[in-house]
Amino acid sequence: AAGLARLAAAGAQAVRVYRQTDAWVLDEAQRLGLKVVMGLWLEHPRHGFSYDDEQAVQAQERAILEFVRHHRGHPALLAWGIGNEIETAVENPLPLWREVDRLAAAIKRIDPVHPTLMVVADTGMDAFRSLADCCPNVDLLGINVYAGAVFDLPRRLRDAGIGKPVVITELGPLGQWQAGRKPWGAPVEPTSSEKARFFTEALGYLARQPQIRGVFPFLWGAKQEQTETWHGLLLADGSGTAMSDALASFWGRPVERPAPVVRGIGIAADAFAPGAEISAGIDAVNADGTALETEWKILAEATDLRKGGDHESPPARIATRILHADAASVRLLAPAEPGAYRLFITARDRHGKAATANLPFLVR
């Protein structure tokens, strides 16, 4: 609830939630003057759900339609978001999308007032061509788009023959599946300042595209996915970042005290011997010139990696001896155990704003 209040204060007009258990958001959003794209969760084949099991499909549909009946009159309701990337890891998504369309028709019979929206991943032109005419009962096509793919999305929609209005249901900077990798496979995460620049450019670009009817930056909060900072617009303790500043500015609420800016990061090497001395640094500045406080910590590289945003267990924090640390640099001892690690760097100002970066390294 506190996060929603901050979202409204930042100038947002709408929020997207994913599943029926998020229905509490409707009342809170109404209080705050926000509208809600209410998610209707559809089970995924990759989690073992079979859309050939007629009984299971009917039970899922009954529960969804009962939910729609119960909430269709809520004043904060903006649209129904049917499913989220249910096609993930499925060779032929068309039968699933036709099921979504059938469900959309059933929802429209119960609630003809609120538009239906289906949500798919941005998986390429073949998928887009299949979407062009598969789903006449879906009013809005929701697409989850990351990094530079956003800037040629309008052209790709045209080329695929998709004419219906589109909502960017997740907008994010470079994802871990797209990022450059270290030789041992660790993806390189952009800094908070790099992510903020992406949001500023992408939101400005999308605002000029007539087919794009709305954008939901991903995600307002924090989430373990590859790292603890990759996709969150805020930190786990609620700290604001350059990304949340970029959104507020775009939404017409420029911030008085911007988050610290990361101008560069570095580590002495990619690989270290067990227990060897590691030196690393960050070039970060505060807008008002005041001093920053920097936290340095080592985490094991994440191994519980999932598809499609599924829940991941966070990796262990590694106790290490710090020889010297200040706002700009650190000298510490490498972990004793060989393996893949990351040095996480969080630079904070005195007002609670934070900048984030991390550096993957190897012990061998």
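**Close-ups of a predicted model**

**View 1. A left-handed link between neighbouring cysteines.** The link of Cys-134 and Cys-135 is left-handed, with -80° about the S-S bond. The disulfide that joins Cys-134 to Cys-135 has an S to S distance of 2.3 Å. With sulfurs within 2.5 Å as the rule, the count comes to one disulfide. Don't look for this pair on the surface: Cys-134 is buried, and Cys-135 is too.

**View 2. A cis peptide bond at Leu-219.** Going from Phe-218 to Leu-219, the peptide bond is cis, and its omega is near -10°. To find the spot, go to the loop between strand 7 (212–217) and helix 8 (242–250), where Leu-219 lies.

View 3. Glu-85 isn't a glycine, yet its phi is positive, near 55°. Ala-89 sits in the loop between strand 3 and helix 4 as well, and its phi is near 70°, again a positive value in a residue other than glycine. Is Glu-85 buried or exposed? Its relative accessible area is 11%, so Glu-85 counts as buried, the cut-off being under 20%. And Ala-89, buried or exposed? Ala-89 has 62% relative accessibility and therefore counts as exposed, since exposed means over 50%.

**View 4. Strand 3 and its parallel partners.** Strand 3 is largely enclosed by the rest of the structure, because five of its six residues are buried. What does strand 3 pair with? Strand 2 (residues 35–40) runs parallel to strand 3, and five bridges join the two.

**View 5. Right-handed β-α-β units with strand 3.** Follow the chain from strand 2 through helix 3 (residues 54–71) to strand 3, and you've traced a right-handed β-α-β unit. Carry on from strand 3 through helix 4 to strand 4, and these elements make a right-handed β-α-β unit too.

Methods
Residues are numbered from 1 along each chain as its sequence is written. This is a predicted model: local features need pLDDT of at least 70, side-chain atom pairs count only at pLDDT 80 or more; totals for chains, interfaces and linings use all residues. Side-chain values use heavy atoms; hydrogens and water are left out. Buried means under 20% relative accessible area, exposed over 50%, partly exposed in between (1.4 Å probe, protein chains only). Helices (H or I, at least four residues) and strands (E, at least two) are DSSP runs, numbered from the N terminus. Two strands pair if DSSP finds at least two bridges between them. A crossover is right-handed if, with the strands pointing away from the viewer, the path from the first strand over the helix to the second runs clockwise.
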